[in-house]
Amino acid sequence: MKILACIGSYRKKGNTARVVQMIGTRMQTLAAQHTTPLEFEMLFLSDMDIRPCRGCRACFDRGEDACPLKDDIPLIRAKMDAADGLLLASPVYVDDLSGLVKNWMDRLAYLCHRPAMGGKCAYPLATVGGGATGHTLRTMNAALLTWGYHLVGQTGLKMGALASADELPRYQPAADKAADKLFNTIAQQKAQNPAFVSLLAFKVQQLAWQREPPGSYDQAWWQAQGWLAPGCTFDFLPRSSRVKATLARLAGAAAAQVLT
Ligand SMILES: Cc1cc2nc3c(=O)[nH]c(=O)nc-3n(C[C@H](O)[C@H](O)[C@H](O)COP(=O)(O)O)c2cc1C
């Protein structure tokens with residue numbers, strides 16, 4: 001099992017990194033108990049060269065390889081492709097994601113059109129001084145869901161400016177819960193049984209690309225995956241119940257009328 005933890009804080013011993021470390025340690029324990037080999041990589045986005053999106057739309061119109069910015073985004077994308085799960089961790093800055101995470105997210109915006117992360121799990125984590133994490137988690141959830149990830153849960157922690165070593169055990173139960181959820185969902189291949197909301201999001205996207213005039217890069221990509229074929233209900237053959245898939249198809253069709 002491979003987990004990629006993307007951390008959006010410059011502080012390598014800050015609140016966010018410490019909780020990610022706690023989650024990683026707990027996952028290693030679970031992996032040992034289940035004799036499952038685990039690779040848990042902590043990737044600090046601050047160590048990566050990620051230039052701001054210029055909005056040229058080359059990734060949308062001609063594919064991500066056409067992006068004029070030559071930096072570490074393809075390397076990060078390769079790590080995301082290789083991982084079974086993504087732990088996305090951000091401190092709250094002014095009631096939302098840190099700029100590091102938003103910058104990374106903007107550069108991967110093409111995944112909103114071409115959701116290549118189907119079958120993988122994601123877990124968003126936000127740490128905050130004294131305010132709320134809801135807005136930050138919503139931003140993360142919306143992107144991850146649209147990229148195709150199966151959302152396993154979410155955690156928001158109030159930690160002050162910098163939690164002291166004495167205070168850290170207070171966050172252990174939340175870290176354990178996140179680790180258990182991520183580990184078990186991947187180990188039991190539960191992403192193969194997508195949530196209703198994932199099926200619905202897929203249907204909305206599918207209808208949008210089916211209605212596009214032929215010829216766009218995105219549409220050709222969907223076609224190449226076989227996802228525009230009549231009767232295709234998800235980006236891989238889901239283990240969802242027929243009832244859930246049918247309801248999601250109907251709800252998705254109704255939502256697409258409003259949204260597209
Ligand atoms: C630029 C900046 C903006 C922040 N904005 C908020 C905020 O809007 N609300 C809040 O409660 N805490 C805010 N904080 C506090 C951090 O969210 C909190 O301390 C977080 O756990 C820090 O994580 P880190 O140690 O991983 O960097 C802010 C901190 C910084 C540096």
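Let me start with a contact. Glutamate 41 and lysine 79 join their side chains in a salt bridge, with 2.8 Å from N to O. The partners sit in distant parts of the chain, 38 residues apart: glutamate 41 in strand β2 (residues 39-44), lysine 79 in helix α3. Helices (H or I, at least four residues) and strands (E, at least two) are DSSP runs, numbered from the N terminus. The salt-bridge rule is a side-chain nitrogen of Lys or Arg within 4 Å of a carboxyl oxygen of Asp or Glu. By that rule the count is 10 salt bridges. Side chains of opposite charge can pair when their charged atoms come close.

Now the ground rules. This is a predicted model, where local features need pLDDT of at least 70, side-chain atom pairs count only at pLDDT 80 or more, and totals for chains, interfaces and linings use all residues. Residues are numbered from 1 along each chain as its sequence is written, and side-chain values use heavy atoms, with hydrogens and water left out.

Next, the ligand. Which residues come nearest to the ligand? Ser9, Thr16, Val92, Gly131 and Gly160, out of 17 around it. Near here is a heavy atom within 4 Å. By class, that shell has six nonpolar, nine polar and two charged residues. The classes are these: Ala, Val, Leu, Ile, Met, Phe, Trp, Tyr, Cys and Pro are nonpolar; Asp, Glu, Lys and Arg are charged; the others, Gly among them, are polar.

Look at the backbone contacts. A polar backbone atom of valine 92 is 2.6 Å from a ligand oxygen. For glycine 131, a backbone N or O atom lies 2.7 Å from an oxygen of the ligand. At valine 94, a backbone N or O atom is 2.9 Å from a ligand nitrogen. The protein buries 71% of the 640 Å² that the ligand exposes when taken alone. Those areas are Shrake-Rupley values with a 1.4 Å probe.

On to the pockets. They come from a 1 Å grid over the protein atoms alone: a pocket is an open set of points with protein on both sides within 12 Å along at least five of seven lines, a cavity is a set where a 1.4 Å probe fits but cannot get out, and lining residues have an atom within 4 Å of a point. Points join across faces, edges and corners, and a volume is the space filled by probe spheres set on them.

The largest pocket has about 370 Å³. It is lined by 22 residues, with Cys59, Glu64, Cys67, Arg107 and Tyr110 closest to its centre. Helices α2 (58-62), α3 (73-82) and α4 (99-107) each give two or more of the lining residues. The lining splits into 12 nonpolar, one polar and nine charged.

The second largest pocket has about 160 Å³. Of its 13 lining residues, Arg11, Asn15, Pro91, Thr127 and Ala161 are closest to the centre. Both α1 (15-33) and β4 (121-128) supply at least two. Here the classes are five nonpolar, seven polar and one charged.

Last, the cavities. How many reach 30 Å³ or more? Three.

Definitions and conventions: Polar contact = N/O pair within 3.5 Å; in protein donor to acceptor, adjacent residues only side chain to side chain.
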